[in-house]
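This report walks through selected packing and backbone features of one model. Please keep the sequence and the structure at hand while reading.

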Amino acid sequence: MFQSTAYSRAKTRRELLAHYALGALAVGVTFPVILIVAYLLHEAWPLLSWDFLFANPTGGMRHGGIWPALLGTMYLVTFSLFVAAPIGVMAAIYLNEYATDNWFTRVVNLAVVNLAGVPSIVHALFGLGAFVLFAGLGRSILAASLTLGIMTLPVIVASTKEALSAVPLSFREACLNVGATRWQTIRGVVLPNSVSGILTGVILEISRAAGETAPVMFTGAVFYKMIEEGQLFGYNIMDQCMTLSMHLFTITTQVTEAPHALPFATAIVLLGTVLAFNATAIVLRVYLRTRKKW
Amino acid sequence: MIALKPATNLEIAVDNLHVSYAGKPALKGISFDVKRHEIFGIIGPAQSGKTTLLRCLNRTIELVPGTKVVGDVIVGGENVKRVKDVCDLRRRVGMVAPLPVGLPISIYDNVAFAPRAAGLRNKADLDVLVERCLTQAALFDEVKDRMHMLGTKLSGGQQQRLTIARALSHEPDILCLDEFSIAIDPVTTMRIEEVLKELRREMTIILVTNLVQQARRLADRTMFLWNGSIVEMGDSTLMFSEKAREQRTRDYVNGIFG
């Protein structure tokens, strides 16, 4: 009954090959990540300390810490989150739940897809023209956050739409069948079951914005700006600020005789910041998954 | 949920209804009436347009992109095309889809969803309503101790009865059942059939079924749909006897239809 035939042996061989070849590649992709982190940590080790995190740079940015840059990056990321997340999520809800398939929807969808592909330097120029100059915000945290927000918006729309369309159509139909409005359907069934995906997409995209240099360079980031001792918030929203990405760029290309470990330590902090945002996403996802319903 | 009752005893009047999906015709000009408090059976093979027809009654046909509907559907004296509050129409026309859908909310919330959507907030009223609907759908005894379990965690047959309970929860005037017994065992099917006989005192029932015997047991009148057209329509006693006018009807009822 269970005799092995030539075909069944070949089938088993192919199955094993596929299993282990794909598995090896999956393990392989983690190597670059591990190598990068290990290398950075190794090079940055002498400098890493709490003081490094929470002190102003000194000696023409050759010594001291990176607190202003870290704070600046956190401000930019947080404010751009406030700009991009509500608009992006609500636009995506409209596009996925309300919009019928007509030329207007197609144009909007096309615009979203194309905007997501626009290089960040182009967004930077747009931000410079629209927010810094035209709106008169000047080079400031506000202008830079808006620019980052505009840049992340299309990707947030796309990821939110993805999360929404993962909710089975039959759920929506069941709700509409009993006389619920679209909004009641969205509130009652669609959003509760897509919120983990939506939040994950939003946070991942925002954390990507933390590493961007070009958009903030044109619109609000500066080489050097110290934070006074004892100031609660550090920056004013109309101030220019330092950012980690910009700081890294500066100390590697503009500052001579910086200690070897300094750029690596800065990179580690940048990486840590991004990972911290991602970790938030993972925690949220796990928490909301436990309430996932089907 | 107040609806204008017409003077006649016609609950539904369909006149020369054509429906096509992306140019492919699904219903080819059908006309029929359903009387109030009647159980109206619709039989026919797959792709004959039964589900399409039901979807025209509560205008969920609009949710399918690329559909074209021509002709009139009058529900409760009002042309559905001109109904302004489509939610109200859908509350009046209860719909049980062939595939069971437990919503990913608690069993209680599944049944309370429609009344809440219609504005009922009183907890005591909701409790009574939920229990009554679950009982009518022959599900209450099985779930009464776990009302806060997710509707999606129920078995297929239980979800189907949950779907029925949800359709009853908004107290429709017309109840459309689209092959409700697909996922339910014969014993439970019989229990629900008994409930339907009770319910007809309160509402008009349209019963789409693949089980010819079920239509014979329940329906006062039966319509045989085939390929988007009505083959024959008449009293069930006639339709399911040798006196059916059309050879195709007799063949289908006797399971010879190819």
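At roughly what angle do the axes of helix H6 and helix H7 of chain A cross, and within what distance do they come?

## Basis of the model

This is a predicted model, in which local features need pLDDT of at least 70 and side-chain atom pairs count only at pLDDT 80 or more, while totals for chains, interfaces and linings use all residues. Residues are numbered from 1 along each chain as its sequence is written, and chains are lettered from A and ligands numbered from 1 in the order in which they are written.

## Helices H6 and H7 of chain A

The axes of H6(A) (residues 120-134) and H7(A) (residues 141-165) cross at roughly 135 degrees and come within 9 Å of each other. Here helices (H or I, at least four residues) and strands (E, at least two) are DSSP runs numbered from the N terminus, and axes are lines fitted to C-alpha atoms, for helices over the stretch in contact, with angles running from 0 to 180 degrees between N-to-C directions. H6(A) and H7(A) are therefore oblique to each other, given that angles under 35 degrees count as roughly parallel, over 145 as roughly antiparallel, 65 to 115 as roughly perpendicular and the rest as oblique.

On the H6(A) side, Ser120(A), His123(A), Ala124(A), Phe126(A), Gly127(A), Phe131(A) and Val132(A) meet Ala143(A), Leu146(A), Thr147(A), Ile150(A) and Met151(A) of H7(A), where contact requires C-beta atoms, placed from the backbone, within 7 Å. The residues of this contact divide into eight nonpolar, four polar and no charged; Ala, Val, Leu, Ile, Met, Phe, Trp, Tyr, Cys and Pro count as nonpolar, Asp, Glu, Lys and Arg as charged, and the others, Gly among them, as polar.

## The interface of chains A and B

Between the two chains, 18 residues of chain A are in contact with 24 residues of chain B. On the chain B side, the elements that give two or more residues are helix H2 (86-92), helix H3 (107-117) and helix H6 (156-169), and H2(B) supplies the largest share, four residues. That side of chain B comprises 15 nonpolar, five polar and four charged residues.

## Buried regions

A residue is buried if 20 or more other C-beta atoms lie within 10 Å of its own, exposed if 12 or fewer, and partly exposed in between.

## Positive phi in chain B

Most residues other than glycine have a negative phi. His37(B), however, has a positive phi of about 60 degrees; His37(B) lies in the loop between strand E2 (24-35) and strand E3 (39-43), and it is partly exposed because 16 other C-beta atoms lie within 10 Å. Arg59(B) likewise has a positive phi, near 60 degrees, and is found in the loop between helix H1 (50-57) and strand E4 (67-75), where Arg59(B) is partly exposed, with 19 other C-beta atoms within 10 Å.
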